[in-house]
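Before reading on, please take a moment to look over the sequence and the structure together. The paragraphs below are meant to be read slowly, with the structure open beside them.

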Amino acid sequence: MSTVASSVEVPAGLHLPIYMDNHATTAVDPRVLEAMMPYFTVKFGNAASRNHSFGWEAEQAVEAAREQIARLIGTTAKEIIFTSGATESNNLAIKGIAEMYRERGNHIITQVTEHKAVLDTCKRLEKHGYRVTYLPVKADGLIDLEDLKRAMDDKTILVTIMAANNEIGVLQPIAEIGKLCHEKNVLFHTDAVQAVGKVPIDVIADNIDVLSLSGHKIYGPKGVGALYVRRRNPRVQIAAQIDGGGHERGMRSGTLNVPGIVGLGKACEIAQQEMKAEAAHLTALRDRLKNKLESELDYVHVNGSMEHHLPGNLNMSFVYVEGESLLMGINDIAVSSGSACTSATLEPSYVLKALGLGDDVAHSSIRFGLGRFNTQVEVDYVAAKVIDVVKHLRQLSPLYEMVQDGIDLTKIQWAAH
Amino acid sequence: MAYSDRVIDHYNNPRNVGQLDKTSTEVGTGLVGAPECGDVMRLQIRVNPETQVIEEARFKTFGCGSAIASSSLATEWIKGRTVDDALGIKNTDIVKELSLPPVKIHCSVLAEDAIRAAIGDWKKKNGVGEMAETATATAR
């Protein structure tokens with residue numbers, strides 16, 4: 001297959017393709033892999049085996065990982081439950097609480113830009129007699145705390161609001177949300193999969209009762225995640241969704257994924273030690289990318305609040321250029337688009353639409369996800385390449401030409417198809 | 001999504017990009033699609049009034065690589081044909097030529113629509129459609 005031509009020079013030593021999609025997944029940090037290796041072949045015991053050294057060794061490793069995770073989010077090891085990842089953690093938290101607190105109420109509050117693991121879980125609960133309020137977001141992607149206050153009633157048992165959004169990187173005001181929940185005696189769950197290890201999270205200070213996190217978003221392995229479940233003030237109870245051997249305080253049965261857990265623990269330890277420096281580094285790279293793109297291109301639009309934002313995220317619309325055609329031109333760079341053409345459903349991103357952006361702006365969006373292993377040389381190449389391809393595609397864009405000619409595109413009678 | 005070499009070729013080297021004077025009576029303009037749907041094609045033709053041969057074709061497309069390739073190919077194919085001959089181009093021909101996967105068939109449909117819209121515009125400007133209909137009626 002031929003490749004897409006470009007006039008942008010590749011600097012010596014730059015390895016292509018460049019990975020800049022770190023919200024989707026991250027590479028396993030070599031230090032994480034190193035920590036995991038013995039638990040596949042030598043220390044392979046079942047952590048639930050109580051009567052021999054293989055089991056004890058595995059259990060010890062699991063408990064050490066629990067400590068590492070707990071320290072990162074300001075809690076104790078006893079409040080960490082292992083799962084297969086954030087999707088399971090979200091399902092367990094929401095369904096488990098809904099089931100356990102059914103006597104107290106049937107109302108759950110969430111918001112429209114949550115991950116599907118939360119939204120689809122809530123939709124299923126609606127079929128089982130629960131009432132769900134989906135709060136809107138403002139143009140900057142944040143919820144309005146007044147909306148949340150108004151939505152709460154005496155049947156509300158749970159508020160589930162993400163800490164950081166996976167598409168636009170916007171940070172919700174979780175500490176304020178948690179405070180509001182505690183005042184009203186409502187449990188607060190947060191899907192913190194994009195936030196943990198990237199920005200400081202303290203479950204006590206932030207008033208979080210239940211929190212989902214995942215290994216592969218923080219340079220750990222795929223297939224492992226955790227759920228923080230508060231034990232005091234209040235003691236949160238969760239109905240198990242998987243029955244079996246009663247592992248994990250009865251909340252999640254199944255033999256523990258020991259190598260994965262060791263990896264998750266190590267990833268959390270590294271994140272805790274390096275978060276501050278890494279955040280500064282990623283913010284600098286992200287701003288460099290943003291400044292280059294904004295200085296060279298007109299009609300670019302940053303999606304989501306830049307004030308309340310993950311360090312490594314940049315979601316930008318290159319208006320009058322369709323996202324998939326842009327991805328095609330920059331096919332030596334791995335990023336994502338909110339364009340319908342790139343989604344399985346052929347619908348543009350519901351997150352971008354929730355910000356009140358037109359479908360045309362959503363179709364033009366690119367998500368850059370910078371991570372630990374990205375370099376300035378990569379950022380400079382990515383910026384140059386995107387600028388080159390956007391300019392090329394705008395030469396082909398009838399919309400860009402019409403706007404240059406002063407035509408108001410909203411006044412045209414488009415034939416939808 | 002893996003693109004065929006033909007799609008990549010048209011994406012890299014789009015044929016006949018640009019615009020014609022849409023106020024000219026010899027020029028027909030077709031603007032199809034919608035920004036909200038993620039694709040808009042503008043296809044223009046300049047027709048020789050004597051021979052009804054499409055002597056020039058131009059396009060601009062906002063859309064995915066397959067949409068760009070479909071419209072680029074369409075301009076290549078209609079150039080040198082008479083308007084009636086150009087109306088014979090089917091979206092399936094474009095699908096075949098560009099090896100478009102099922103999810104991209106709508107791009108070829110849009111390109112066919114663009115050809116029809118451009119020719120329709122030219123016919124309307126020149127009263128050709130009515131003449132043709134009259135001719136058909138007489139023949140019957």
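Predicted model: local features only at pLDDT ≥ 70, side-chain atom pairs only at ≥ 80, totals over all residues.

The domain assignment divides chain A into domain 1, made of residues 18–27 + 274–410, and domain 2, which covers residues 30–271. The C-alpha centres of domain 1 of chain A and domain 2 of chain A lie 29 Å apart. Where these two domains meet, 24 residues of domain 1 of chain A are in contact with 26 residues of domain 2 of chain A. On the side of domain 1 of chain A that touches domain 2 of chain A, at least two residues each are supplied by helix 8 (258–296), strand 10 (313–318) and helix 10 (350–354) of chain A. Helix 8 of chain A gives the most to this side, with 3 residues, and the residues of the side divide into 8 nonpolar, 13 polar and 3 charged.

We can now turn to some strands of chain A and ask how they are arranged. Why is strand 5 of chain A, residues 156–160, described as largely enclosed by the rest of the structure? The reason is that 5 of the 5 residues of strand 5 of chain A are buried, where a residue counts as buried if 20 or more other C-beta atoms lie within 10 Å of its own. Strand 3 of chain A, residues 107–111, pairs with strand 5 of chain A in the parallel sense over 3 bridges, and A:Ile109 stands opposite A:Val159 in strand 5 of chain A. Strand 5 of chain A also pairs in the parallel sense, over 3 bridges, with strand 6 of chain A, residues 187–191, and here the bridge partner of A:Leu158 is A:Leu187 in strand 6 of chain A.

Helix 4 of chain A, residues 86–100, has 15 residues and reaches 20 Å from its first C-alpha to its last, which is close to the 21 Å expected at 1.5 Å a residue. Helix 4 of chain A is also mostly covered, with 13 of its 15 residues buried.

Another group of strands in chain A forms an open sheet of 4 strands in the order 9-10-13-12, with antiparallel pairing. The edge strands, each of which pairs on one side only, are strand 9 (300–302) and strand 12 (336–337) of chain A. Strand 9 of chain A pairs with strand 10 of chain A in the antiparallel sense over 3 bridges, and A:Val302 stands opposite A:Met316 in strand 10 of chain A.

Finally, we come to the place where the two chains meet. How many residues does each chain give to the contact? The contact takes 26 residues from chain B and 27 residues from chain A. On the side of chain B that touches chain A, the elements that give two or more residues are helix 1 (5–12), strand 1 (27–34), strand 2 (39–47), strand 3 (54–62) and helix 2 (65–78) of chain B. The largest share of this side, 5 residues, comes from helix 1 of chain B, and the residues of the side divide into 14 nonpolar, 6 polar and 6 charged.

Technical notes. Residues numbered from 1 in each chain as written. Chains lettered and ligands numbered in written order. Contact = placed C-beta atoms within 7 Å. Nonpolar A, V, L, I, M, F, W, Y, C, P; charged D, E, K, R; others polar. Domains from an automatic or database assignment. Buried ≥ 20, exposed ≤ 12 C-beta atoms within 10 Å, placed from the backbone. Pairing = 2+ DSSP bridges. Expected span 1.5 Å × (residues − 1).
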